[in-house]
Amino acid sequence: MTKRIFISSIVLFSFLGNVFAQVNTEKKKEKYSYTLYTKVYQKRLTEKPDKVKDTVLMKLADSYYMIADYENAAKVYEILYTRAENTPGFSVPQEYNFRYGQSLRAIGEEDLAKEKLANYLSESGANATVQSTTQYKLKDLKAYFSKLKDSINLNEFSDFAPAFYKEGLIFSSDRDTGNLHRYRHSGSNTDFLDLYQFKTDDDGLEIITKVNFIGEGYNPREAETTAIKVDESTATFSRDGKTMYFTATNFKDGDLIRDKNNIVRLKIYKAVLEAEGWRLMDDSWFKNDNADKAFNTDSYSFSNPALSPDNSKLYFSSDMPGTKGLSDIFMININENGVYDEVKNLGDRINTPFRETFPFISAEGRLYFSSDRFGGNGRLDVYVADLNAEGMVASDPENLGDPINTSADDFSFIYDSEKEYGFFASNRKRPNTTGRRNATDYIDDNIYAFTAECINPKTLTGIVYDRNTLLPLAGATIGIVDDNNEVIASTFTNEEGAYSITIDRTKNNFVRASREGYTPVEEYLEINPCELRMVDLYLETDCIEYGTDLAKLLGLDPTIFFDFDKSEVKDIYQDELDIVVAAMQLYPSLKIQVNSHTDSRGPNTYNQPLSERRAKATVEYIASKGIDINRLKYKGFGESKPVNECVDGVRCSAAKHQQNRRSEFLILCEDGENCCY
């Protein structure tokens, strides 16, 4: 996301002591760049620090940062964050974590710097175009489970929904268990789905056995027992491996639960590991005073649970109310006692009018899921998207492509990003090698293994634009800056404003764009060797042009100076006007024209002279503070230039009329002078 750096100049707090003495007041004509803003508030902070607005503090902190005065920048950022903690309704935008963190790092405060940079990375969402450079390769399952005596994939049976558990997997299958009593679906004549796990036998080899559930209508599953008539699939586990959430058909006390349409829905269950097996918990974990009552009801399906790495959020798929398609992916907060707060739909970036299902959250907080949306390789494809600190989506999803995705269904993807391998299921065709006559290819669900290797793209590209005109800027300097704020590579944009520069994505970097007459901007690029970025940057001119409204530049409210039908500057409003006075004291060549406007209430024959009286009263107040009257002009416009629809004959609120009752302080330019100050 392109970060806008507002101003670059020295801004001085009263606590910075004798730095004020270093300000050099020149007698020649000033060029009123955005240093005007910072110098005015330098004066303001020493005189009335409690009057400085939050937005002003934000700009001041950035000023120090951009001139590499990191010690003072860190002090101002600290004040800013302290104010945010103590001011209800005020929060600091997430990009300030980055600049604060870099300032702290530059002055040796490494621990706090890491905290702020981590906050930035977790909260920010990428607006730049991102393309993965990860290469996926299918691997033989035996390479990962060399001691496994049984086979994971059996012909003519479905094996899917792998989940990491201890050193092996837990997965779902409708395989023939060899029991004397087999429960089969009456419609499809297939076995019910059960969860299976790896266990070590007496010879030290791994065998595949059913997960043993106890309680709530389940019988212990010893080798000779049978399973209850429910389907089980898609399990997820707490970090300590002692709590499981999984999908099963809706049942209780051995009986299936049906909705009003006589349909048995899917539901998410919780189980806790005991010596005898996994004991199912009652429904108090989702039926509590703090939980959303819409979660895990009998009227809709809830399936495919996935815990976040810190176990604070539970993701799932459902067709519950609020779903955009056949099924959507949702999230709800969770702790050891159960779920709480509202269910949140992950939004339009993830959910479409089609199916989104089988979520999985990797260790670094990336959401993998399957969807049959338009643009895929076939039916269900696997996609990935970034999540922010709140667990919501922070980037557009990316299709993982071949060989993960095919024209078949590819789903229940899991990935160990540290070991760079994982598993998923697919019903892609497999050749039938039985040799039987008229044998057809297998199309049952099978589990596949893969490795994921990152290729450092080495190159960063993008275009630099003028923020106001949106035209590309040639000749802008592009620099790659490392953790120590040292420029390690640089280049220039070409005639089309484009650049290409070498970068090492195995290290933290940020890219900075600068050009004479513009305020520099930068974009942080965290370590991610799998990501190919195209970062466009937008530069804003750092000069104040003729006709700029000084009130807006200084962050003043132009509608507060006069009460309705009055032309006297009230005492409570003089404090704001004193900021304009301070600007004119600091810049002896600065000239302004005060334009005054009224609302449309009353006849224009009355409003026109009223606006002239207001403009004149404003100029007279400024002159009373020692400003030469020859530097001041004024003009009244009455009700002729409204900023909204509130003209004669239109009913408007008092607040709407207030917007038109305003003053402007336009910077003037002398004949023959360069009007870009």
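Colleague: How many residues count as buried in this protein?
Modeller: Of the 677 residues, 51% count as buried, where buried means under 20% relative accessible area with a 1.4 Å probe, protein chains only. This is a predicted model, in which local features need pLDDT of at least 70 and side-chain atom pairs count only at pLDDT 80 or more, while totals for chains, interfaces and linings use all residues. Residues are numbered from 1 along each chain as its sequence is written, and side-chain values use heavy atoms, leaving out hydrogens and water.

Colleague: And how many helices and strands are there?
Modeller: The protein has 9 helices and 36 strands, taken as DSSP runs numbered from the N terminus, with helices (H or I) of at least four residues and strands (E) of at least two.

Colleague: Which residues of helix 3 are buried?
Modeller: Helix 3 covers residues 70-86, and its buried residues are Y70, N72, A73, A74, V76, Y77, L80, Y81 and A84.

Colleague: How many bridges join strand 34 to strand 35?
Modeller: Strand 34 (residues 592-596) runs parallel to strand 35 and is joined to it by 5 bridges, and Q593 stands opposite K633 in strand 35.

Conventions: The expected span of a helix is 1.5 Å times one less than its number of residues. Buried means under 20% relative accessible area, exposed over 50%, partly exposed in between (1.4 Å probe, protein chains only). Two strands pair if DSSP finds at least two bridges between them.
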